[in-house]
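Hi,

Here is the structure I said I would pass on. Have a look at it first, then read my notes below.

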Amino acid sequence: MNAVTGQSRAGAVRSVELAIGGMTCASCAARVQKKLNKLDGVTATVNFATETAAVTFPAAVSAGDLVSVVEQAGYTAALPASPGAGPGEAAGEHDDAGEAAALRRRLLVSLALAIPVVVLAMVPAWQFRYWQWVSLVLASPVALWGAWPFHRAAAVNARHGVATMDTLISVGVAAAWLWSLYALVFGDAGRAGMRMTFDWLARGSGAGTTYLEVASGVTALVLLGRYLEARARRRSGAALRALLSLGAKDAAVLRGGAEVRVPVADLVVGEEFVVRPGEKIATDGIVTSGRSAVDTSMLTGEPVPAEVGPGDVVTGGCVNAGGRLVVRATRIGADTQLAQMVRLVKGAQAGKAPVQRLADRISAVFVPAVIGVAIVTLIAWLAAGQPATAAFTAAVAVLIIACPCALGLATPTAILVGTGRGAQLGIVIKGPQVLESTRAIDTMVLDKTGTITAGRMSLAEVAAAPGVDAAEVLRFAGAVEDASEHPVAAAVAAGARDRLDGGLPAVADFAGHQGLGVSGVVDGHGVAVGRPGWLESEWALAVPAGLAARAAEAEAAGQTAVFAGWDGQVRGMLAVTDAIKPTSAEAISRLRGMGLRPVLLTGDNERAARAVASQVGIGEVIAGVLPEEKVRAIRRLQDEGQVVAMAGDGVNDAAALAQADLGLAMGTGTDAAIEASDLTLVRGDLLAVPDAIALSRRTLSTIRGNLFWAFGYNAAAIPLAALGFLNPLIAAAAMAFSSVFVVTNSLRLRRFHPAVRQPALA
C-alpha cells in the first residue's frame, strides 16, 4: 500500500508524515526542517516532541528523496506503513520500549559508577590515599561509554558542520575528563594524599584539581533527564495511542445467511455485520435490526450509553452494552469517524502554534551562540588573571547549563497532551493555530437547529385551506420533502409516513432551493413546499389569511411553519417542532461567564428563533437568513471589531464556519460543516463548546508558561555560569530539571475535566 497520502486530484502535491529518529533537541528538529525545506516545492514542519515531520512535496520529489535528505543530515527517517499510520507504526522505526530499556540500562550503570565519584569529591573526610585514581577508574566508563550517545551525535553533527545540544554535552564531558586525566598524569592531582573540596562556584586551585565528578555526574544527570523526559513524553501521547487502540480487530459479517468472522480490513461498504453485547462495533454504520445501549464514552467522553435501534447511526470503536445488533457498514477504513479523529489529532500534534516560532528561531542559532559564549567566558577569565581551572570551570558550566531542550519541548508537549485529552473528551482540535484563536474571541454565534436544539424535528400540526383535505396536503408535501435532507423536510416526511396508509407517492423533477424550500412533481401536480415569501415570489402562490394566522400561532410557540402549494394555490401549512437540548441553557450561561457574547444566527423565522433564544438566555437574534447571508452576518460582526466564533452543524453553516475566526462543528452534523470548522465537538452537546474553549485556553496558557520558564531559565542561568557562580555539576542538574519541568507541567493538562453538569430544574 502506498505510504504517501494526501495526493491532490491533479497529482501535483502530496503529503506524508515521516518518523524521524536520532533527534535529541530542538536544534536537531530545526536542522532537519531546514534541510527538508531546501528542496524545491517542499514544505516541512518537524516536531521534536512527536519525532515526526509533516511534509508536503511536489510530484518532482519522491518520498525516497525526503528520506535521503534526512539521512544525509545525520538522522534516520521512515515512511508510515500505511496511509494514516502514526509514528509508532512507521516501517523500520526503532522500538520505543527497546530504546527506553537501553537508555535505562545506560542510566543505571552510569549512576552506579558516578555516585561514588561525586561523593568522594564532595566529602574530603572520605578521600582515602589515592582515592583520585579510583575515581578515574569509575568515572572513565561513564564519561566514555555512558556519554557515548552524546559523543557519537556530536561527531555526526561535526561532519555536517553543525552543532546541537549533544555537542555541548560532549564537549563539556570530554573536556572535564581530559583535563582530569592531564592533572592526574602530568600535574599534581595524582600525588598520594591529595585532598579536594567541592565548591558551588568556579574553582581555581591549579593543576591539582580534577573534574571527574563533573564528567561522570553530568553524564548521569543528563541521562536521567533524558530518561524521565522520554517517559513523560510517552505519557503525553497516551491519549492518541488510546484512540488508535479503540478500533475493533474483526467482525462477524453476514454472508450467505451465515456469520463469518473476518478482519475489519476485509469489510465492504453495504455489508451487514453482527455486534453482540460487550463487543466493539467494527465500523461506522446504520442499525438494521435489534435494539441496544451503546457506550460512546471512548469517543465522546459522555458516560451515559446511547439507546439505538433500527435506522440509528452507530460509530465504529464504541461498545455494544446491551442487546444484539445487526449493522450495515456505511464507512470503512480511513473514512470512519474514529480514523478521521485520529488523523485530525495527529495533524494538530504535528503542527506548530504561532507562539512557537520565536522558540524555533532561537533554537536554530542557540548552540553556536552558546559555544561562542563559552569561548568568550574562557578568554575573559584568563584575561582577568584568574586561574586556568577557574576559567575552565566557568566555560564548562556555560556549555552544560545552556540546554535548548526546554525551548523545543515547551510548545509541542503541551499540544500533544492538550489535543490528546481533548480527543478523549470528544473535542478534536484541528491545528495548534486554533489555540491562539480561542484566546481572542469575544462573540459566540450559535446556529439553532442541531446546535441549540436537538435537530430531530417532529411534525406537530397540519392545517389545510378551506375545501382541502389535510391528508392530501400531508401526502403531497411529504412526497416532495422526502427527497430532501433538511431537518424540517425529514420531519414532514416522517410524519407523513406515520399518519398515512400506503406510503408516499414518487416525486419527479425534484429540486432543492437551499434555505427556501423544495419543489417537484407528484401525481402530475407541480408541488412547492417552503417559505411564504419564496412561494409568492417564485411561484406566485399567496398564503390565505387563515393559514397565515395558524402559522403565526405556531411560530409564537417556537415551532417552524412551512407552506405547501400546487395548482396555483397554497393548500396547507405544516408546523414542525424541535426540542431544545437539555444542556443548552447551561452552556449559554457558561459562555457568558467566560466573557463571550452569545448571538443566535438561524435561517428559521424570527418568532421561532426568539422563542428558542428566550428559553436558553440569548438576547441577540439574527433570524430568517440564507446561507450566504449567514456569512455576511459573521463578516458584519467582524467589521464591528468583534472576534467571532461560530458553532453549527449543517451544510448551510459550512461557509459561515469558514468565515468565522473560530469555527466549531457539532460532531452530529454534516461532513461539510466539520470540514470547514477549526474544532469538532464529537459529543454534539452544546456544553462541549465552553469545554472546548476552556481546554484550548488552558493548553495555550500552559504553552506560554512553558516558554516563560524555558526563556527565563536560559536568560538567568547562562550569565550565572559565565560569571562563575555555578559548578558544572549543579548546572547539569538544573539543565536536566528544566526539561523535565516543562514536560511535567504539560502533563497537568491530562487532569483537565469538563465542567460538571448542573441538574436540570424541575
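Let's begin inside: the largest nonpolar core has 48 residues, and those with the most contacts within it are Ile169, Val173, Leu212, Val370, Val398, Ile401 and Ile718. A nonpolar core here is a set of buried Ala, Val, Leu, Ile, Met, Phe, Trp, Tyr and Cys residues joined through side-chain atoms within 4.5 Å. Buried means under 20% relative accessible area, exposed means over 50%, and partly exposed is in between (1.4 Å probe, protein chains only). Two or more residues of this core come from each of α3 (96-122), α4 (131-146), α6, α7 (212-236), α11 (357-383), α12 (388-401) and α25 (688-722). The biggest share is from α6, which gives eight residues. Helices (H or I, at least four residues) and strands (E, at least two) are DSSP runs, numbered from the N terminus. There is also a second, separate core of 46 residues, and Leu596, Ala623, Val689 and Leu747 are among them.

Before you go further, keep in mind that this is a predicted model: local features need pLDDT of at least 70, side-chain atom pairs count only at pLDDT 80 or more, and totals for chains, interfaces and linings use all residues. Residues are numbered from 1 along each chain as its sequence is written, and side-chain values use heavy atoms, with hydrogens and water left out.

Now zoom in on Leu212. Which residues does Leu212 touch, leaving aside its neighbours within four places in sequence? They are Val117, Gln132, Ser135, Leu136, Ala139, Trp177, Ser180, Leu184 and Gly217, where contact means heavy atoms within 4.5 Å.

Tyr182 sits in helix α6 (residues 165-185) and, at 46% relative accessibility, counts as partly exposed.

Next, the charged pairs. A salt bridge is a side-chain nitrogen of Lys or Arg within 4 Å of a carboxyl oxygen of Asp or Glu, and by this rule the count is 13. In one of them, Arg550 pairs with Glu461, with the closest N and O atoms 2.1 Å apart. Arg550 lies in helix α19 (residues 545-556) and Glu461 in strand β16 (residues 458-464), so this pair ties together parts that are 89 residues apart in sequence. Another joins Glu620 and Arg597 (2.8 Å, N to O). Glu620 is in strand β23 (residues 620-622) and Arg597 in strand β22 (residues 597-601), 23 residues apart.

pLDDT is the predictor's confidence in each residue, from 0 to 100. The protein averages 80, and 83% of the residues score at least 70. Confidence is highest in α4, at a mean of 94, and lowest in helix α24 (residues 671-676), at 56. Over residues 82-95 the pLDDT is below 50, although this stretch has 35 contacts in the model beyond near neighbours in sequence. Where pLDDT is low, the predicted coordinates should not be read in detail.

Cheers
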